[in-house]
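Subject: Structure for your review

Dear colleague,

Please find below the sequence and structure that I am handing over to you.

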Amino acid sequence: MADVVWSIAGSDSGGGAGIQADIKAMHSFGVHGCTVITALTAQNSLGVEALNSTSTEVIESQLQALAIDMPARVIKIGMLANVQQIQLVAEHLSHYKAKWVEPPLVVYDPVAIASSGDRLTEEDTIDALKTYLLPLIDVITPNTQETQLLTGVYLIGPDAVREAAQKLQQLGVQSVVIKGGHWDYPKGYCVDYCASQGQEYWLGNEAINTPHTHGTGCSLSSAIAACLAKGYPLKDAFILGKAYVNKGLSYAQRFGEGIGPLAHTGFPEDINDYPQVIEAGSWLADELDFEQPIPFNFAAGFADTGGELGLYAVVDSVDWVEKCLSAGVPTVQLRVKNADPETLEADIQTAVTLGNKYQGRVFINDYWQLAIKHGAYGVHLGQEDLSEANLQAIQEAGLRLGVSTHGFYEMLRAHNYRPSYLAFGAIYPTTTKDMTGQIQGLEKLSHFVPLMAEHYPTVAIGGIDLSVAPDVVKTGVGSIAVVRAITESNDHASAIEQLQAYLGNR
Ligand SMILES: Cc1ncc(COP(=O)(O)OP(=O)(O)O)c(N)n1
Ligand SMILES: Cc1ncsc1CCOP(=O)(O)O
Ligand SMILES: [Mg+2]
C-alpha cells in the first residue's frame with residue numbers, strides 16, 4: 001500500500017482539472033496516483049460542453065481492479081455525477097473502512113460547480129451526498145459556493161465560516177478545509193480555514209492575481225490527499241497544499257482562449273509561496289477580529305546567534321553542562337524536567353556562569369523567568385509555551401529564543417515570532433521523550449532545511465546518534481541536538497569529537 005492514492009473523479013479533456021489535475025498534483029508530492037473515472041467531460045478552457053457520466057458498472061470494475069491489487073492509503077473523491085454514483089462509491093468506502101487492515105482516509109472535494117460556472121452534478125445529488133457520503137469523509141474541501149450549497153450558511157465572516165464547518169461536522173465529516181479563494185475579506189487577501197479534532201487553523205496570503213485558476217480546487221485536495229498518504233498531519237497537509245496552489249497560480253498560463261490551468265511545479269521549496277499562519281496578534285488577525293493577546297511585536301524578532309549553532313548538547317545537570325562546554329561543545333541547553341525547586345535557580349545561575357566561562361551558548365529550557373533573571377544567553381521553548389510565556393519580556397531582555405517545531409504548520413507558526421533559531425524533530429524515534437506520532441524522518445527534514453535556512457539557524461533533534469549523524473548533516477541542517485549520544489556514550493569526549501567532525505567543526 002506504499003504511498004498509493006486513488007482519485008475517484010471526472011476526466012477533464014482540457015487537461016486542467018479533474019483526474020488530470022489530481023494525477024499531476026499527486027505526482028508532485030511523490031505518491032502514486034490511481035484513477036477511477038466517473039465521467040468523461042468534454043471541456044476546454046472556455047467551459048464544459050458535455051458531461052458523459054460513467055455507468056456504475058464501469059466505476060465498479062475500476063474499483064475492484066484497484067482494490068485487489070493496489071489498495072490506497074488515501075482515497076480522494078472529486079466529481080460524482082449522480083445519485084447512483086454517490087451510493088455506489090459510498091458502499092465501497094464503507095466496505096474498505098470496515099474490512100481493510102489499514103482503512104483508507106477519504107478526502108472529498110465536492111465538485112459541484114466548475115470554475116467556468118457550469119454545474120457538474122445533477123440537482124438531486126445534495127441530499128444523497130448528505131445521507132450516504134458525508135458520514136464517510138475524513139476531510140472535505142469545499143469552496144465558498146459548495147459550502148453554501150451543502151450547509152446553507154453564507155460565508156460573510158469568520159464566525160460564519162466556523163458555523164459552516166460545524167454543520168459539515170454534524171453531517172458526519174471529520175475535518176473541514178474551507179477554501180477562501182472567493183471570499184472578499186480581508187480585501188486583496190486569500191484566507192483559508194481548517195477545523196480538525198477540536199482545533200482551528202487559519203492561513204492567509206495576498207491574493208495571487210491571475211485569471212488562470214482552472215483546477216485549483218482539485219489540485220489543492222489532491223495535494224492534501226498526497227500529503228496525508230505521506231504521513232503528514234492534516235494541519236501540515238493543509239499548509240503544503242496551499243503553498244502548492246500558490247506556486248501553481250504564480251506560474252499559471254493560458255493554453256486556450258479562456259481560463260488557463262494551475263501550473264504543477266513540484267514540492268513547494270520556496271518560503272515565499274507559503275501562506276502565513278494567522279493567530280491572535282499576528283498578521284491579518286486584526287482584520288479577522290481575532291482576540292488580541294498580550295502586546296508583542298511580532299515583526300521585531302529576537303536577538304541573533306551569530307550563525308549556526310554547531311553541535312548542540314541537551315543535558316539535565318550543571319555537571320553535564322560543564323563537561324560539554326569544556327570538551328568544546330559550542331551550544332548547550334540545560335533541560336531539567338521535574339526540577340527540585342531548592343536547587344533549580346542555583347543550577348540555572350551556574351549554567352549561565354559556565355557559559356560565560358567557556359564562551360559557549362547556554363540555553364535554558366522552559367524556565368524563561370529565571371533565564372531572564374540570570375542573564376542567560378537564550379531560552380528554548382516549545383509550541384505550547386509560545387502562547388503562555390512573556391515573549392515580550394524575553395525579547396526586551398535581549399535573550400535569544402529557540403523554538404521547537406514538529407512539522408510545517410508549527411514551523412510557519414514559529415516563523416511569525418522571528419525566533420533566533422528553529423529546531424525540527426523528532427527526526428528519529430527516541431527514548432528520551434515521548435514523541436509518539438511526531439517522528440519526522442529525513443525526507444521531511446530535507447524539505448524543512450532549505451525553507452528555513454535562509455531565515456534562521458536550523459537544528460535537528462531526536463534519536464540522533466553517531467551512526468545516523470552523517471545522514472542528518474547531509475540535509476544541510478546547521479546543527480544537531482543530542483541527549484543520549486553524549487550522555488550515554490562510554491566516552492563522551494570522543495563522542496563529542498566525532499559528532500563535531502561530522503558537522504565540520506561548526
Ligand atoms: C534544541 C531543542 N529542540 C527541541 C527541544 C524540545 O523542546 P520542548 O518542545 O520545549 O520540549 P521539552 O524539551 O521541554 O520536553 C529541545 N528541548 N531542544
Ligand atoms: C527533547 C527532545 N525534543 C524532541 S526529541 C527530544 C529528545 C532527544 O533526545 P535523544 O537525543 O536522546 O534522542
Ligand atoms: Mg520545553
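A residue is taken to be near a molecule if its C-beta atom, placed from the backbone, lies within 6 Å of it. Around ligand 1 there are 17 such residues, of which Gly382, Ser404, Ala423, Ile461 and Ala481 come nearest. Two or more residues of this shell are given by each of the strands β11 (310-315), β14 (378-381), β15 (400-405), β16 (421-425) and β17 (458-461). By class, the shell of ligand 1 comprises seven nonpolar, seven polar and three charged residues.

Please note that the model is predicted. The average pLDDT of the protein is 93, and 96% of the residues score at least 70. For the complex, the predictor gives an ipTM of 0.95 and a pTM of 0.93.

Ligand 2 is surrounded by 15 residues, and the closest are Thr430, Thr432, Gly462, Val483 and Arg484. This second shell divides into eight nonpolar, five polar and two charged residues.

I turn next to the helix packing. Two packed helices are described by the angle between their axes and the distance between the axes.

Helix α3 (residues 83-99) takes part in two of the contacts described here, with α2 and with α4. The axes of α3 and helix α2 (residues 56-69) come within 10 Å and cross at roughly 20 degrees. The two helices α2 and α3 are therefore roughly parallel to each other, and their crossing is right-handed. On the α2 side, the contact involves Thr56, Ile59, Glu60 and Leu63, which meet Gln84, Gln85, Leu88 and His92 of α3. These residues of the contact of α2 with α3 divide into three nonpolar, four polar and one charged.

With helix α4 (residues 125-133), the axis of α3 crosses at roughly 10 degrees, and the two axes come within 9 Å. That angle makes α3 roughly parallel to α4. Here Val83, Ile86, Gln87, Val89 and Ala90 in α3 meet Thr125, Ala128, Leu129, Tyr132 and Leu133 in α4. The contact of α3 with α4 has eight nonpolar and two polar residues, and no charged residues.

A further pair is formed by helix α8 (residues 234-250) and helix α14 (residues 408-416), which pack at an angle of about 70 degrees with their axes 7 Å apart. Angles of 65 to 115 degrees count as roughly perpendicular, and α8 and α14 are therefore roughly perpendicular to each other. Lys235, Asp236, Ile239 and Leu240 of α8 make this contact with Phe408, Tyr409 and Leu412 of α14. The residues of the contact of α8 with α14 divide into five nonpolar and two charged, with no polar residues.

Finally, two points of backbone geometry deserve mention. Most residues other than glycine have a negative phi, and most peptide bonds are trans. Asn52, although not a glycine, has a positive phi of about 50 degrees; Asn52 lies in the loop between β3 (47-50) and α2. The peptide bond from Gly425 to Ala426 is cis, with omega near -10 degrees. Ala426 is found in the loop between β16 and α15 (441-452).

With kind regards

Key:
Residues are numbered from 1 along each chain as its sequence is written. Chains are lettered from A and ligands numbered from 1 in the order in which they are written. This is a predicted model: local features need pLDDT of at least 70, side-chain atom pairs count only at pLDDT 80 or more; totals for chains, interfaces and linings use all residues. Axes are lines fitted to C-alpha atoms, for helices over the stretch in contact, and angles run from 0 to 180 degrees between N-to-C directions. Helices (H or I, at least four residues) and strands (E, at least two) are DSSP runs, numbered from the N terminus. Angles under 35 degrees count as roughly parallel, over 145 as roughly antiparallel, 65 to 115 as roughly perpendicular and the rest as oblique. A crossing is left-handed if the near helix is turned anticlockwise from the far one by less than a right angle, and right-handed if clockwise. Two residues are in contact if their C-beta atoms, placed from the backbone, lie within 7 Å. Ala, Val, Leu, Ile, Met, Phe, Trp, Tyr, Cys and Pro count as nonpolar, Asp, Glu, Lys and Arg as charged, and the others, Gly among them, as polar. pLDDT is the predictor's confidence in each residue, from 0 to 100.
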